[in-house]
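Trainee: I have this one open on my screen, and I'd like to go through its side-chain contacts with you. Could we start with charges and rings?

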Amino acid sequence: MDWKPIKKHPGSEGEPRLAAYGDLARDFSWNAARAELDGLPGGRGINIAHEAIDRHAAGPHADRTAIRWLSKNGLTRDFSYAELAGLTARFANALTGLGLDRGDRVFTLLGRVPELYVTALGSLKGGYVFSPLFSAFGPEPIQARMSIGGAKVLVTTPQLYRRKVAPVRSALPELEHVLLVGEDEREDIEGAAGFEDLTGAASDRFEIPPTDPEDMALLHFTSGTTGRPKGAIHVHQAVVAHHITGQYALDLRAGDIFWCTADPGWVTGTSYGIISPLTNGATVIVDEEEFDAERWYGVLQAQRVTVWYTAPTAVRMLMKLGVEAPRRFDLSALRFVSSVGEPLNPEGVVWGVEALGLPIHDNWWQTETGGIMIANYASMDIRPGSMGRPMPGIEAAIIERTDDTVKVIDEPDTDGELVLKAGWPSMFRGYLDEEERYRKCFADGWYLTGDLARRDKDGYFWFVGRADDVIKSAGHLIGPFEVESALMEHEAVAEAGVIGKPDPVIGESVKAFVALKPGFTPDDALRRSLLGHARKRLGAAVAPREIEFLPGLPKTRSGKIMRRLLKARELGLPEGDTSTLENSQ
Ligand code: AMP
């Protein structure tokens, strides 16, 4: 069906940041964006933590709440910019005291607790590299990421450590320091220290060392179709994009009460759950609890959230409860709502207008892009179902690719691969130790996103699908290879092929097809055993929800499992080109 455009919202107070998209897109320069930030005093470079905290802590807004933490058990704790400056200084000093070198990697495996935020910003302050792990990962994904990243420090809780890290600790020889968080931080775990003990003893003054704009700052893991997870490298200069995209795509202003519901274990939760709102002088709401519709509406109401950044899966879960539920809450403080991570159905955009009185602004980006690249802006009419238009400073195109040649498709409404002109500040600078994989992401000066999309005649981009086999489940990117590898560890499994199966709420759910070794019976008991094994190894966020036994899996003549064929068969779609199929003639 055709969806009517939604006129830009008339009721918002003040002018949207991006007053006239066309003018700004034309006149924009990254140098001017950079000039909105301070840089380190004395021209000593640019450091994310300075822009996010210290410069505010030294100014008139030092006492403004930087982070308001809502704990699972109903506690609220506010951290002002000044306090956060002190806490992160303590952490940076503590790390320096541990003898860390510049560029060493500091990982977190934590729920959304204040120590996660202190670790992120304190590590950046000290010139160390911050890498967050999603706390719902199981031991396998944790071990893979920590060994690829060469984790030297891990900040976690005793419970998470025991359940998820201890089983793989012997495979992490580079891990030197485990810092434990929480009331039982003094628990007896060999070689571990208490976070509070360590930071409490450190000074709350720290001078950020000179930081080159190209110094590595963040390491975010993402998945491809094959091989191990990839560590996408981001540098301190990325803060220029975090800052300006927050203003333009999220309409962020100083003093906003901003709630990004993404977990910092994923890139959105760091770029926009920590950095962007703080550089812009907003107050960040952090909710430790998981999704619950009533709770979420309650948070929006009680905290008087003004700008809300969420995800299509959450929107769809809220939609299931209808438009009446939000109407019981006073959401009058809300000014701007946006979402990211997976396609937002047009119904979701329209539901926003009915239920919240505001449309939901979809935007698009990836771990590799570091920040929002395509968005629906406050100042622009929304075409429901579209991702919007490129950020000022970003050139996006649709191309046709054959081997190494790239042909830009000028014709509107034509499907092709979405590409971005390389060179914006938050572009990833490499996949850690995988030069070849990085190089393959570029052709002719374009960054190849791996997404299929089209552009209409007015420059709005529309998402079509992925060009590869990665799975997006509840907004989380899952590499099928990682799931297949874990299944293959089970004694009964001869072959495994994993696909994303369309799901009305979470977008895609992980489904595995398994062929058994001789002597094993494909029954419910074995299915349960496999599901349990996968959950234990991979964690609930990554493990398959469904397993189907097959006598054998379709493979190419070179032995590669044809996931596309499994998917086509699952969905009853045409099988496409099967000429490379092992048993085809
Ligand atoms: P990640 O690197 O985990 O952030 O995942 C990035 C991928 O999520 C993109 O390449 C898209 O496939 C998908 N994605 C992100 N935002 C959107 C969106 N607004 N619409 C459709 N797909 C999206």
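This is a predicted model: local features need pLDDT of at least 70, side-chain atom pairs count only at pLDDT 80 or more; totals for chains, interfaces and linings use all residues.

Trainee: OK, rings with rings now. How many aromatic pairs does a search of the whole structure find?

Mentor: The search of the whole structure gives 23 aromatic pairs. One of them is formed by Phe 91 and Phe 195, a stacked pair with 5.4 Å from centre to centre and 20° between the planes. This pair links distant parts of the chain, since Phe 91 belongs to helix 4 (residues 81-97) and Phe 195 to helix 8 (residues 195-200), 104 residues apart.

Trainee: Is Phe 91 buried or exposed, and what about Phe 195?

Mentor: Phe 91 counts as buried because its relative accessibility is 0%, and Phe 195 is buried as well, with a relative accessible area of 4%.

Trainee: Why is the pair of Trp 296 and Trp 308 called edge-to-face?

Mentor: The planes of Trp 296 and Trp 308 are at 75°, with the ring centres 6.3 Å apart, so the pair is edge-to-face; the angle cut-off for that label is over 60 degrees. Trp 296 sits in helix 11 (residues 293-302) and Trp 308 in strand 12 (residues 307-310), so the pair links distant parts of the chain that are twelve residues apart. Both Trp 296 and Trp 308 are buried.

Trainee: Which residues do ring pairs link into a cluster?

Mentor: The cluster linked by ring pairs consists of Trp 424, Phe 428, Tyr 431, Tyr 438, Phe 442 and Tyr 447.

Trainee: Changing topic, how many salt bridges does the structure hold?

Mentor: There are 43 salt bridges in the structure. Among them is the one between Asp 256 and Arg 335, where the closest N and O atoms are 2.8 Å apart. Asp 256 and Arg 335 are both buried.

Trainee: What does the side chain of Asp 451 meet in a salt bridge?

Mentor: The side chain of Asp 451 meets that of Arg 466, at 2.9 Å from N to O. Asp 451 is in strand 21 (residues 446-455) and Arg 466 in strand 22 (residues 461-466), so this pair ties together parts that are 15 residues apart in sequence. Asp 451 is buried, at a relative accessible area of 4%, whereas Arg 466 counts as partly exposed, at 25% relative accessibility.

Trainee: And which residues are linked in a network of salt bridges?

Mentor: That network links Lys 501, Lys 511, Glu 546, Glu 548 and Glu 570.

Trainee: Now the ligand. How many residues surround it, and which are the closest?

Mentor: The ligand is surrounded by 16 residues, and the closest are Asp 362, Asn 363, Gln 366, Thr 367 and Arg 466. A polar backbone atom of Asn 363 is 2.7 Å from a nitrogen atom of the ligand.

Trainee: How much of the ligand does the protein bury?

Mentor: The protein buries 95% of the 500 Å² that the ligand exposes when taken alone. Strand 14 (360-364) and strand 22 are the elements that give two or more residues to the shell around the ligand, and strand 14 gives the most, with three residues.

Trainee: Last one: where is Asp 433 found, and what is its phi near?

Mentor: Asp 433 is found in the loop between strand 19 and helix 15 (435-439), and its phi is near 60°, a positive value in a residue other than glycine. Asp 433 counts as exposed because its relative accessibility is 70%.

Notes:
Residues are numbered from 1 along each chain as its sequence is written. Side-chain values use heavy atoms; hydrogens and water are left out. Rings of Phe, Tyr and Trp (its six-membered ring) pair if their centres lie within 6.5 Å; planes under 30 degrees apart count as stacked, over 60 as edge-to-face and the rest as tilted. Helices (H or I, at least four residues) and strands (E, at least two) are DSSP runs, numbered from the N terminus. Buried means under 20% relative accessible area, exposed over 50%, partly exposed in between (1.4 Å probe, protein chains only). A salt bridge is a side-chain nitrogen of Lys or Arg within 4 Å of a carboxyl oxygen of Asp or Glu. A residue is near a molecule or strand if one of its heavy atoms lies within 4 Å of it. A polar contact is a pair of N or O atoms within 3.5 Å; within protein, one must be able to donate a hydrogen and the other to accept it, and residues adjacent in sequence count only if both atoms are side-chain atoms. Accessible areas come from the Shrake-Rupley method with a 1.4 Å probe; for residues, only the protein chains shown count as cover.
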